Amino acid sequence: PDSIVKCTNKVYLAELLAANQIPRPRTLVLQKGNIEALERELQYPVVLKIPDGSFSRGVFKAADRRQVDDITAQVFKESDLILAQEFVPTEFDWRIGILNRKPVFACRYYMPKHHWQIVKHDAGGRITQGGYKAYHLEEAPPEVMNTAVAAANLIGDGLYGVDIKQTERGPYVIEINDNPNLESGVEDAVLKDELYKIIVREFIRRIEQRKSR
């Protein structure tokens, strides 16, 4: 529960990453009346996020001030705070799975065609996802792996999925997910059943450790 509370609050995550010097896109916390700060600190396009969004919902891209005003006018009806971030375009996001402070899987999620997020929600409610590819841990860039572990360790020792953009300026943490997806043929494509065995063994270790106290 502690990890869920931390990971689902994007404002908390942004401040936590900044305080610990974890690389991430430039981020501002907006309130009503301080929209001008966005134009002073960031360049268009910008990404606007509600504090508790998930699965790419509550995340918007604004190309200019008019779009910012339209989006924030709607979002401020539901939330007192909005996260504004620089837009970092990439063909894919890394998802690094961390369990008990160690990596257990590495996967790329690709953007759907002509879209800038890994999940596209159309006006009719239909969802489109891009492709994916799992990698052996040693195949993922060391700087991506190290950044993911450092970010997850700020939350705790549970099971996390750290989303990272790999850029020319280095890796940027986009999000730390509690209870990350583990889908057949996706995140487990390399380790297969061994991935689930690793997780179950950790459950057993924790149960037995608690019994011995």
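Reply: To begin with the residue classes, Ala, Val, Leu, Ile, Met, Phe, Trp, Tyr, Cys and Pro count as nonpolar, Asp, Glu, Lys and Arg as charged, and the others, Gly among them, as polar. By these classes the lining of the largest cavity has seven nonpolar, two polar and four charged residues. The model is predicted, so that local features need pLDDT of at least 70 and side-chain atom pairs count only at pLDDT 80 or more, while totals for chains, interfaces and linings use all residues. Residues are numbered from 1 along each chain as its sequence is written, and side-chain values use heavy atoms, with hydrogens and water left out.

Me: What makes a space a cavity, and how many cavities of 30 Å³ or more are there?

Reply: On a 1 Å grid over the protein atoms alone, a cavity is a set of points where a 1.4 Å probe fits but cannot get out, whereas a pocket is an open set with protein on both sides within 12 Å along at least five of seven lines; lining residues have an atom within 4 Å of a point. Grid points are joined across faces, edges and corners, and a volume is the space filled by probe spheres set on the points. By this rule there is one cavity of 30 Å³ or more. The largest cavity has a volume of about 100 Å³. Its lining comprises 13 residues, with Lys-10, Leu-13, Ala-14, Gln-85 and Ile-174 nearest the centre.

Me: Which elements supply at least two residues of the lining of the largest cavity?

Reply: They are helix 2 (10–19), strand 4 (82–86) and strand 11 (170–178). Helices (H or I, at least four residues) and strands (E, at least two) are DSSP runs, numbered from the N terminus.

Me: Why is Gly-170 called buried?

Reply: Buried means under 20% relative accessible area, exposed over 50%, and partly exposed in between (1.4 Å probe, protein chains only). Gly-170 has 19%, and is therefore buried. This glycine is in strand 11.

Me: Why does Asn-100 count as partly exposed?

Reply: Its relative accessibility is 24%, so Asn-100 falls in the partly exposed class. Asn-100 also has a positive phi of about 50 degrees although it is not a glycine.

Me: Why does Lys-192 count as exposed?

Reply: Lys-192 reaches 51% relative accessibility and therefore counts as exposed. Lys-192 lies in the loop between strand 11 and helix 6, and its phi is positive, near 55 degrees.
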